[in-house]
Amino acid sequence: ALLIFLAVISIVTFPFTAVLNALVIIAVKTKSRMRSIKSNILIASLATTDLMMGVIVQPMFIALTIIIVSGKITTRSCVLQNITQHFTSILYDTSLVNLALISGERYVAMKHTYAYNNGLVTEARLLISSALAWLFSLTLHILRIIDKTVFFLTHNALIGVLIVFIVFWQVTVYREVRRHEKELSTQQVTEEARQEFLKDKKAFKLTAIFVSLLFICYIPICAVRIVVVTKWSNMSIQAMYACFFSAVWLVLLNSFLNPIVYSVRMRQFRVAFVDLRNRTANIAEAEEIEMRGHGSKNTVGEAAQRQERAQQNME
């Protein structure tokens, strides 16, 4: 019953996982205003991993679940299970490294603002970092073919190091946000500085949501590895399948939830999606459509800015 439930949910969600993550990648790739925000490049890299989860791992997971439920387990299904495990592990590690890069980018932006604004973080460096995340994960999994024991020890140690860095950067950024909030409440600052802080605060909240979702969805698969390795002799085959498939399903669910978070929390992505869907004449028109569809209330100043941009586009 559990496997049937997981298969049905996966069949329903995997087209949305593929389409939504593809939209995120296309929006960042084709819209220069999206690439001008450096963190969006890393978000597009994370969306690439989630897209591969949706178009490669999720169909294999569904097929494997159906095979097991139907009782037609063969040597080929065992091979399919091994391939699914390998792909899931590779993409899982890549997602974790990408999340570490997103957290690190926010840390540098908040803690070392001057260096950040003066060329320390560039689009080229972010793209190279994303490529290295893939190279790191693929190289690590070559070790799995050579020696599984050494792989699991090395893998767990590296995951622990990444989690420590992510938590450290998140805590540091949180403290910086709190410090800036106190400064804004006690000192007179320019409107530009206030808006910049609000933008950084929103980016921190978004990163915190990513971290929370990833930990909720990925910690179970780490726990399952430990339990299966240490307690496999005392577990029934049904319990092992239930643990393994539930953990993998949570990983796949994370790839479905991430683009939804982009859409809900980031207006720039909603506007970009409207622009891609409707092929609007200018950004002001896309913002107006998004405002009507999302029901957001804009201040008079924002409305005036949109009107001014529209007038400039018409001229």
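The model is predicted, so to speak of local features takes pLDDT of at least 70, side-chain atom pairs count only at pLDDT 80 or more, and totals for chains, interfaces and linings use all residues. Residues are numbered from 1 along each chain as its sequence is written, and side-chain values use heavy atoms, leaving out hydrogens and water.

**The whole chain**

Begin with a cartoon view of the protein chain: there are 12 helices and zero strands. Helices here are DSSP runs of H or I with at least four residues, strands are E runs of at least two, and numbering starts at the N terminus. Among contacts with a separation of 6 or more, 76% join residues 24 or more positions apart, a contact being heavy atoms within 4.5 Å.

**Stop one: α1 and α9**

Select residues 2-30 for α1 and residues 237-265 for α9: their axes are 9 Å apart, at an angle of about 30°. That makes the two helices α1 and α9 roughly parallel. Axes are lines fitted to C-alpha atoms, for helices over the stretch in contact, and angles run from 0 to 180 degrees between N-to-C directions. Under 35 degrees counts as roughly parallel, over 145 as roughly antiparallel, 65 to 115 as roughly perpendicular, and the rest as oblique. The crossing of α1 and α9 is left-handed, meaning that the near helix is turned anticlockwise from the far one by less than a right angle; clockwise would be right-handed.

Show side chains next. From α1, the residues in contact include L6, F16 and L20; from α9, they include F245, W249 and F256. By class, this contact has 15 nonpolar, six polar and no charged residues. Nonpolar covers Ala, Val, Leu, Ile, Met, Phe, Trp, Tyr, Cys and Pro, charged covers Asp, Glu, Lys and Arg, and the others, Gly among them, are polar.

**Stop two: α3 with its partners**

Now bring in α4. Helix α3 (residues 38-70) and α4 cross at roughly 165°, their axes coming within 9 Å. That makes α3 and α4 roughly antiparallel. Their contact holds 18 nonpolar, 10 polar and three charged residues.

**Stop three: single residues**

Zoom in on T94 in helix α4 (residues 75-111). T94 is buried because its relative accessibility is 0%. Leaving aside residues up to four places away in sequence, T94 touches T49, A133, W134 and S137.

Then pick N254 in α9, also buried, with a relative accessible area of 0%. Not counting residues up to four places away in sequence, N254 touches D50, L213, L214, C217 and Y218.

Finish at L198 in helix α8 (residues 191-231), which is partly exposed at 42% relative accessibility. Draw a distance from its C-alpha atom to that of V177, 21 residues apart along the chain: the separation is 9.4 Å.

Terms used. Buried < 20%, exposed > 50% of the residue type's maximum accessible area, 1.4 Å probe, protein only.
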